[in-house]
Amino acid sequence: MEYFPIFVKLKGQSCLVVGAGEVAARKIDLLSRAGAKVTVIACDIGSSVRTMEHDLSLILRQKNFEADDVSGFTLVVSATDDIETNQLVARIATEQKIPVNVVDNPQLCSFIFPAIIDRSPLIAAVSSGGAAPVLARLLRAKIETLIPSSYGRLALCLLYTSDAA
């Protein structure tokens with residue numbers, strides 16, 4: 001097992017995303033859905049990220065990434081198309097023992113994003129350890145058809161029932 005599956009509580013935690021293109025926007029959306037406070041550093045802010053700024057209360061820093069930018073963050077994602085920047089982000093985050101994901105470069109990652117089936121509060125995740133992401137997404141789609149959205153509502157009912165007991 002190359003990666004240990006784990007669910008991390010990010011609600012209220014500060015997370016950094018370096019890059020502001022379409023791929024970064026998808027990671028920002030995922031982190032925000034988990035309740036993270038997201039800061040974005042990028043020279044160019046893409047239209048999707050700019051649109052998310054108000055709705056997700058993003059902190060946007062339009063600038064080049066610098067080594068001291070990772071300080072104070074719980075988790076870091078690098079989603080740029082610049083190899084040197086991605087390598088720098090990974091190295092600095094690793095040195096500071098901050099979990100880091102470099103999109104589409106598992107060798108630089110200390111964690112990877114799985115394919116997620118979200119039936120909140122019921123969550124399932126599928127990963128190929130970065131070896132076959134398309135296969136993981138196909139399997140996620142198959143599993144999604146087996147888990148109706150009503151299971152999320154059922155899980156909520158059971159949660160509230162157990163809280164009342």
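Which residues does Lys 27 touch, not counting residues up to four places away in sequence? In this predicted model, Lys 27 touches Val 77, Val 103 and Phe 113 under that condition.

Lys 27 belongs to helix 1. Its relative accessibility is 16%, and because buried means under 20%, Lys 27 counts as buried. Another contact, Val 77, lies 50 residues from Lys 27 in sequence, yet the two C-alpha atoms are 7.8 Å apart in space.

**Thr 39**

Thr 39 is placed in strand 2, which covers residues 37–42. With a relative accessibility of 4%, Thr 39 also counts as buried. Leaving out residues up to four places away in sequence, Thr 39 touches Cys 15, Leu 16, Val 17, Ile 59, Arg 61 and Phe 73.

| Residue | Relative accessibility | Contacts beyond four places in sequence |
|---|---|---|
| Lys 27 | 16% | Val 77, Val 103, Phe 113 |
| Thr 39 | 4% | Cys 15, Leu 16, Val 17, Ile 59, Arg 61, Phe 73 |

**Helix 1 against helix 2**

Helix 1 comprises residues 22–33 and helix 2 comprises residues 47–55; they pack with their axes 8 Å apart, at an angle of about 30°. Since angles under 35 degrees count as roughly parallel, helix 1 and helix 2 are therefore roughly parallel to each other. On the side of helix 1, the contact is made by Glu 22, Ala 25, Ile 28 and Asp 29. Helix 2 contributes Ser 48, Val 49 and Met 52 to this contact.

**Helix 3**

Helix 3 runs over residues 83–95 and has 13 residues. The buried residues of helix 3 are Asn 86, Val 89, Ala 90, Ile 92 and Ala 93. An α-helix has 3.6 residues a turn, so residues three or four places apart point the same way. The cover over the buried residues of helix 3 includes strand 1 (14–18), strand 4 (75–78) and strand 5 (100–102). After helix 3 comes Lys 97, whose phi is positive, near 60°.

**Aromatic rings**

The structure holds 1 aromatic pair. A pair of this kind is described by the distance of the ring centres and the angle of the planes.

Notes
Residues numbered from 1 in each chain as written. Predicted model: local features only at pLDDT ≥ 70, side-chain atom pairs only at ≥ 80, totals over all residues. Heavy atoms only, no water. Phe/Tyr/Trp six-rings, centres within 6.5 Å; stacked < 30°, edge-to-face > 60°. Helix = DSSP H or I, 4+ residues; strand = E, 2+ residues; numbered from the N terminus. Expected span 1.5 Å × (residues − 1). Buried < 20%, exposed > 50% of the residue type's maximum accessible area, 1.4 Å probe, protein only. Contact = heavy atoms within 4.5 Å. Axes fitted to C-alpha atoms, helices over the stretch in contact; angles between N-to-C directions. Parallel < 35°, antiparallel > 145°, perpendicular 65-115°, else oblique.
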